[in-house]
Amino acid sequence: MERGALSGHLPVMYAQVLEGLRITGNGTYLDGTFGRGGHARGVLDQLGAGGRLLVMDKDPEAIAVAEREFGADPRVAIHRGSFAELAGWSETAAGLDGILFDLGVSSPQLDVAERGFSFGKDGPLDMRMDPDSGLSAAQWLAQADDREIADVLWTYGEERQSRRIARAIVARRSEQPLVRTAQLAELIAQVMPRGDSKIHPATRSFQAIRIFINRELADLETGLDAAMARLKPGGRLAVISFHSLEDRIVKQFIARHSKAPPANRRMPVEVAFTPTLLAIGAAQKADEAETSANPRARSAVLRVAEKLAAGGREAA
């Protein structure tokens, strides 16, 4: 995820996101992943006095930025929490005209060593987007057995050496606790076969542990259902994914609500299907100019869908 600061470069696929949301001046929009407010600022700039911007983030540092930058604006409401909980926030009860999820880890989280997300910057082995909730990566690695660690590395990182890395982690922690990102990165580099890959040997493992620690895929599935419940007919959902597992969930969610399931020859009666979503165009990628200026945008995939009115009709 590249949720840029209010100053400096624009967040990933900025223009495409704002176009996809199709903002109206008096609409109500939710940014479920505020970060440092790049996309939120773009939405707010297009709202009139009757418009409403709702922002959410699990990260207390992101919420502090939101309060500082937007807290005095009567059009803005701010809530700390996962977008998986958006349907439980009273501000969303009247319905939303647009929802944005910008998935993964934000640039400030990656760039600050103390957050423990990056193998390239030594810091505490934490990785929690909400540092006040759940186990840190260090705490989990200290108690999980090698099978559980290997399963996480394979499932969320598609790491082929998952068992070998897991065994090395369990062996090393019996000698000394793994509490720093540099410790874990160096250990993985030691046990990984040397190849000609340009990516660091710890890349997939760090990604997998982060996704697991933050329940990112489960939150995404819950958040998509919540978004569907809160979008008004004609409202738009825009999701930026940075990982194939995330994008697959988003793609399948849109397809499930927009396309009839394949016919089953064993079923004597065809089941009626009424679409509730309309996919808006194909998946979009960042253009060459953006990826040159911001390499983190290379893996970004944007999907946009519109909620249909009752009976599967487009909203008037």
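Met127 counts as buried, at 0% relative accessibility; buried here means under 20% relative accessible area, exposed means over 50%, and partly exposed is anything in between, using a 1.4 Å probe and protein chains only. You'll find Met127 in the loop between helix 4 (107-111) and helix 5. Its backbone is worth a look too: Met127 has a positive phi of about 75° although it is not a glycine. Keep in mind that this is a predicted model, where local features need pLDDT of at least 70, side-chain atom pairs count only at pLDDT 80 or more, and totals for chains, interfaces and linings use all residues. Residues are numbered from 1 along each chain as its sequence is written, and side-chain values use heavy atoms, with hydrogens and water left out.

From Met127, hop over to Ala137, which it touches. Leaving aside residues up to four places away in sequence, Ala137 touches Leu125, Asp126, Met127, Ile209 and Ile213, where contact means heavy atoms within 4.5 Å. Ala137 sits in helix 5; helices are DSSP runs of H or I with at least four residues, strands are runs of E with at least two, and both are numbered from the N terminus. Ala137 and Arg210 are 73 residues apart in sequence, yet their C-alpha atoms are 7.5 Å apart in space.

That brings us to helix 9 (residues 203-213), whose buried residues are Ser205, Phe206, Ala208, Ile209, Arg210, Ile211 and Ile213. What do these buried residues pack against? Their partners are helix 5 (137-143), helix 6 (146-157), helix 7 (162-173), helix 8 (181-191), helix 10 and helix 11. Just after helix 9 comes Arg215, with a positive phi of about 50°. Arg215 is not a glycine either, and its place is in the loop between helix 9 and helix 10. Is Arg215 buried or exposed? At 54% relative accessibility, Arg215 counts as exposed.

Now for a pair of helices. Two packed helices are described by the angle between their axes and the distance between the axes. Axes are lines fitted to C-alpha atoms, for helices over the stretch in contact, and angles run from 0 to 180 degrees between N-to-C directions. Helix 10 (residues 216-230) and helix 11 (residues 244-258) have axes that come within 10 Å and cross at roughly 25°. Helix 10 and helix 11 are therefore roughly parallel to each other: angles under 35 degrees count as roughly parallel, over 145 as roughly antiparallel, 65 to 115 as roughly perpendicular and the rest as oblique. On the helix 10 side, the residues in contact include Leu217, Leu220 and Leu224, and among those they meet in helix 11 are Ile249, Val250 and Phe253. The residues of this contact divide into eight nonpolar, one polar and four charged. For that count, Ala, Val, Leu, Ile, Met, Phe, Trp, Tyr, Cys and Pro are nonpolar, Asp, Glu, Lys and Arg are charged, and the others, Gly among them, are polar.

Helix 1 (residues 14-21) and helix 2 (residues 38-45) give another example, packing at an angle of about 45° with their axes 10 Å apart. That makes helix 1 oblique to helix 2. Here Tyr14, Val17, Leu18 and Leu21 in helix 1 meet Gly38, His39, Gly42 and Val43 in helix 2. This contact has five nonpolar residues, three polar and no charged.

Last come the charged pairs. Side chains of opposite charge can pair when their charged atoms come close. The structure holds 14 salt bridges, each being a side-chain nitrogen of Lys or Arg within 4 Å of a carboxyl oxygen of Asp or Glu. One of them joins Arg52 and Glu91, the closest N and O atoms being 3.1 Å apart. This pair links distant parts of the chain, with Arg52 in strand 2 (residues 52-57) and Glu91 in the loop between strand 3 (76-80) and strand 4 (96-102), 39 residues apart. Arg52 is partly exposed at 22% relative accessibility, and Glu91 is partly exposed at 32%.

Glu306 and Arg236 also meet in a salt bridge (2.8 Å, N to O). Glu306 lies in strand 8 (residues 301-307) and Arg236 in strand 5, 70 residues apart. Both Glu306 and Arg236 are buried, and together with Arg22 they are linked in a network of salt bridges.
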